[in-house]
Amino acid sequence: MAKIRFTLNNLVDIASTITATNEEATLPITNVQDMSRGKIYRSTGASASITITWPATTTVNTVTLGNHNLPAASTIDINFFDGTAGSGSNLGGTASQYVVSAEEAKETDDAITYADIKNINWYSEDVNNALDPITGARSVVIAITAASGVIDIGRIIVGNAIEATYNISYGHNLSFEEQTKQYRTDSGSLRSDMALPYKKFEFNMNTISESDRQVLQRGLADVGKRRDFTVSVFPCDDTEEKKTDYSGIVKLVRVPKFQEFQHNWYKAKYIMEEV
């Protein structure tokens, strides 16, 4: 079974070019390079093709579409190329169309719920759900067809996910937090200033090898509390709800401290919140 995965390097932020078809002029595709939840890309119709080119070839195994509005049954095609702007040889990607599930889909009601922030994680994997990186990629083309309406995407993360050798320990916490303020009126009614909820993850990794420590500690030090990244605690869980709930685009609330409890074995506590 796949273990917890972190995508700490976002290659979209260092792209040499990023373009999209059917782009709404006031909500351009470059907005997905911004970590702010308030900025989005929007298409003018139900389909769009997003092309991202990097300054040099790279290794990738993960694509995350964050804060999207795609309804269930929307389709996504992801293909990597060794040339710029989708040229050259096709190195692989989605073997068939990725179909957005009901759990991954944005809710269509007007209520403010946790479902207002939805993400889709695609991993390049082999038949055993082990990460199978695509090497030599210079560009990626992400073709999206929405089942209805226009396409909104708030953030795109493309990178090289790292997977721990051992998973998180039992006793982890997942909560849906919010900053809603409440007050009581003179007539006695309890009023609320509504705010979007967000997920908060708290967990321990009590079995970290020296090789994992080097990758995790150095990678998390690079992002610090400054940058966002993708976490997927149960990336291949059989329960769609658990897989979705325990993943997100997050920032660290504090940078974890690694404690060596015996020679070359470590443990650390993580606290992170959805952006």
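Select Lys200 first: Lys200 stands opposite Glu273 in S21. The model is predicted, so local features need pLDDT of at least 70 and side-chain atom pairs pLDDT 80 or more, while totals for chains, interfaces and linings use all residues. Numbering starts from 1 along each chain as its sequence is written, and side-chain values use heavy atoms, without hydrogens and water.

**Strand S21.** Now show residues 265-274, which are S21, with S17 at residues 198-209. They pair antiparallel over eight bridges. Strands here are DSSP E runs of at least two residues, numbered from the N terminus; pairing takes at least two DSSP bridges between two strands.

Lys251 in turn stands opposite Glu273.

Next, select S20, residues 258-262. Four bridges join S20 to S21, again antiparallel. Gln259 has Lys267 as its bridge partner. Two residues lie between S20 and S21 in this hairpin, and Asn264 in the turn has a positive phi of about 65 degrees.

**The cores.** Move to Ile50, Trp54, Ile76, Phe80, Ile142, Ile144 and Ile156. Of the 34 residues in the largest nonpolar core, these touch the most other members. Such a core is a set of buried Ala, Val, Leu, Ile, Met, Phe, Trp, Tyr and Cys residues joined through side-chain atoms within 4.5 Å. Buried means under 20% relative accessible area, with a 1.4 Å probe and protein chains only. Strands supplying at least two residues each include S4 (47-60) and S10 (134-145).

Finish at a second, separate core of 24 residues, including Phe201, Val223, Leu252 and Tyr266.

Definitions and conventions: Buried < 20%, exposed > 50% of the residue type's maximum accessible area, 1.4 Å probe, protein only.
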